[in-house]
Amino acid sequence: MYVYNGKLGYYNYAKDECITVVFPAGFGLEDPVCAYWQWTEDAKGNRKANECQLGVINSVTKTARGYQFVFAFDYYFFEGGVSADLKTVLVTMREPRTYSSSPQITLQLQLSDVCCVPSTEVFTGKLNFLDYAVDEMITLVIPNGIANGEPVGMYWEWTKDGQDRPKQNHCVNGTFRGVVSTGGETKGTFDDGYYTYQAVILSDDQHATLHMRNPDNEQAHAKKALILRYGTGTDNGIFLVREMLTKHLGFDTDDVEMLYFNDEPKGKPGVRSDGQAAPTVSNFKSKFTTLIAGAGGPGDVRFLYVDTHGTIRPNPDGSGEPDGIDHGWTMAEDDEGMRKEIVYDNWLALTINTYLKAGVNLTILTSSCMGGGMLDTDTATAGVLLAGCHETQFNVKSLRTKDGMVDPWMYAVVSVIKNQVKRKRGVPTYVALFDDAKKYIKALIDGGAIGEKYKGPSSNELEPIARDQDLNTSHQDPQLVFYDGYFDPDAERFLFPFVGPRAGNAEGESARFPKDQYPHGEL
């Protein structure tokens, strides 16, 4: 096993980009070879798109100076060779149609192992660390699994390093220590003499998370979440959301806290059997405040999912939103859960504006009735709200699954993320997710998978049809609510650290999609 790292230049598509090439077995004919790099801008116009290629060595010739070889991927192929001491690889990248080529690429040996059995695992993703690494590709190479004393390599380029130099490669070659395995996950720590890293291989063996910390205890982008369910049944929706976070969006399981009852028998205290706290108002207020106050600033991500009944009341002093209505989430009053208490949107807004630092991505997903009103727009409030329905409507858990009835909106969001990652299309922007989730729900309705009480979108989603209280039915028009100075939903990706220069500041005008999504004449 041999790992090499260097710089790739390929026309305007790759300008001085970090490239890592892995030979898992060696340099024999038909031996596997993998290459990982980031496009400056790919052929579709996507900036900083990760590229992961797997191929084989198609031809190899031993010479006095080493080995000469050709290896091919799906489209591009590389010609070159490795020196006799195996410390340097010189290759040229070509494309078959025009045979155009890159300048010669020099790759230096980073890791090697005499083992010729291809057991190496490679994980790729995006690194955000303060202002030094912004949406940069990172490649984690684990030759022999996570175990104490086993080698590990990790490679990326700084957007701008500590000496203000752009696009400097950073290569980490170390060994694991402090390895522990719990709940199907394996964690190991390593360092490069300055930064300390913890890699976690998740239970599916297909995904990993990485935590990075400097001596000042500043961390790579920290993602933390709070999930709450109360009074809406005991389906597995909250666990689907947790799985989405930990398997596809880079959240560590230890950083996803959950408040729920395993069972809510009628007229009896709620049952908690997983060691979790109860979904009470006091627990929620304490944990939500801690969640957002603990975010350090740009690069951090905070996520809240609430699955509970929504409610409204006239604003008690007439100083609330223009419609004079306060919106709220129903939660338990105490640990038994037999009495209810409300958290209103004005408390949520005050807490966010008091404790959330500028630059933090705060995203709220809710399945609750009247959910579109939970991000208070009377004053500029940081955050992004993805609600399953307009504040004049109620939501219904009416999607039939093997585990019972679940909320179509939550299920659509989770499914879109899962499908995008599975097809290697990357995590979508907020607008793409919003639009695709609505399309997913329409397909479910058309396929007869959703019950009749869920009436789906209004005939004109710009004019949501209010719930019919007498017939206990309602349309559902999902809402994306934010302040336009907070972020650009067409550019920022779902639950990623913000990349916009002023993203994360609560300013500008209140925006609500779909109402403000297009000029009305286009609809």
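Biologist: Which residues point one way from β23, and which the other way?

Modeller: N361, T363 and L365 point one way from β23, L362, I364 and T366 the other way, and all are buried. Buried means under 20% relative accessible area, exposed over 50% and partly exposed in between, with a 1.4 Å probe and protein chains only. This is a predicted model, where local features need pLDDT of at least 70 and side-chain atom pairs count only at pLDDT 80 or more, while totals for chains, interfaces and linings use all residues. Residues are numbered from 1 along each chain as its sequence is written, and side-chain values use heavy atoms, leaving out hydrogens and water.

Biologist: Why is strand β23 called largely enclosed?

Modeller: Of the 6 residues of β23 (residues 361–366), 6 are buried, so the strand is largely enclosed by the rest of the structure. Strands are DSSP runs of E of at least two residues, and helices runs of H or I of at least four, numbered from the N terminus.

Biologist: What makes the rings of F73 and F78 edge-to-face?

Modeller: Rings of Phe, Tyr and Trp (its six-membered ring) pair if their centres lie within 6.5 Å; planes under 30 degrees apart count as stacked, over 60 as edge-to-face and the rest as tilted. The centres of F73 and F78 are 5.7 Å apart and the planes stand at 75°, so the pair is edge-to-face.

Biologist: Why does F73 count as buried?

Modeller: Its relative accessible area is 9%, and the limit is under 20%, so F73 is buried.

Biologist: Why does F78 count as buried?

Modeller: F78 has 1% relative accessibility, so F78 counts as buried.
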